[in-house]
Structure formats: C-alpha cells, structure tokens
Amino acid sequence: MKKIVYILTEDPKERIELISSALAQALTALSFGYECDLFIMDHAVKLFTPEYIAGLKAVSFDPINDLFQHYKDMGGRIYACNPAIAAHSIKTESCAGGIHGFVNASKLLECAVEADAVFT
C-alpha cells in the first residue's frame, strides 16, 4: 500500500483554502486506498480548538469541521506536534478525538522517510 504524509502548518483562519485543499486531497487519497498520515504543526494546531474553527468554510470545500471529521472517519491518522500544542497553550485533553499521538520531530521524520510522497 502506498503511503502519503501531509504536513499542515498554517493558521486555519488565515489560510482556509490551503487547509481545506490539503484535507480534500488527503480524503481523495484515502478513497483511493492510500495510507495517510496528517501532521498538524505550528499554527495549524488551532485545528484542535473546536471553538476556533467553528463555522470555518472555504468557498470551494465543505466546512473544515466536516473535512477533518471525514478524514478521521475514513481511517486517516492524525499526529499533533507536541511542542506547537504547548506553544499555543492548547490542553491535550481538550483536543478533538481521533488523534494518534502527540509527537515530536522524530515521528514526523520516521513517517516521512517511509512515505511514498510528502506534501507540505
């Protein structure tokens, strides 16, 4: 099975089209049977704050909450950058379910080296 890694770093409110597009691409990859890992880093960790992303919707895509939930429902793995979570004062217990781990750089490096493609 082919594996794709997606790395999201942008603030969802500032780059809603970019975040939505990446999630839509990951959903497409899952529907084609690819294995997908989604690494949420830097300002993108705000995706784990439900009140921050409530109502966010890019013109061309479903609401960000729906895209994120579909990705989880389809078996896509999500990893949260532990240092970024701490830097944005997000409590891990308040993060939405479906996260495979709160990780550091070593997990990203491991997954990226094993992947057939990495998208940032």
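1. Phenylalanine 119 is partly exposed, with a relative accessible area of 37%, whereas tyrosine 6, at a relative accessible area of 4%, is buried. These values, like those below, come from a predicted model.

2. There are three aromatic pairs in the structure. In one of them the rings of tyrosine 6 and phenylalanine 119 have centres 5.5 Å apart and planes at 20°, so this pair counts as stacked. Because tyrosine 6 belongs to strand S1 and phenylalanine 119 to strand S5 (residues 117-119), the pair ties together parts that lie 113 residues apart in sequence.

3. Phenylalanine 39 and tyrosine 79 also form a stacked aromatic pair, with 4.9 Å from centre to centre and 20° between the planes. Since phenylalanine 39 sits in strand S2 and tyrosine 79 in strand S3, parts that are 40 residues apart in sequence are tied together by this pair. Phenylalanine 39 is buried at 2% relative accessibility, and tyrosine 79 is buried with a relative accessible area of 8%.

4. The largest nonpolar core has 40 residues, of which Leu8, Leu38, Phe39 and Ile40 touch the most other members. Helix H1 supplies the largest share of this core, eight residues. Leaving aside residues up to four places away in sequence, leucine 38 touches several residues, including Tyr6, Leu8, Phe68 and Tyr79.

5. The largest pocket holds about 180 Å³ of space, and its lining includes Tyr6, Leu8 and Phe119. Strand S1 (3-8) and helix H1 (16-31) each supply at least two lining residues, with H1 giving the most, five residues. By class, the lining consists of seven nonpolar, four polar and one charged residues.

How values were computed:
Residues numbered from 1 in each chain as written. Predicted model: local features only at pLDDT ≥ 70, side-chain atom pairs only at ≥ 80, totals over all residues. Heavy atoms only, no water. 1 Å grid on protein atoms, 1.4 Å probe; cavity = no way out; pocket = protein on both sides within 12 Å on 5 of 7 lines; lining within 4 Å. Points joined across faces, edges and corners; volume = space filled by probe spheres on them. Helix = DSSP H or I, 4+ residues; strand = E, 2+ residues; numbered from the N terminus. Nonpolar A, V, L, I, M, F, W, Y, C, P; charged D, E, K, R; others polar. Core = buried A, V, L, I, M, F, W, Y, C linked by side-chain atoms within 4.5 Å. Buried < 20%, exposed > 50% of the residue type's maximum accessible area, 1.4 Å probe, protein only. Contact = heavy atoms within 4.5 Å. Phe/Tyr/Trp six-rings, centres within 6.5 Å; stacked < 30°, edge-to-face > 60°.
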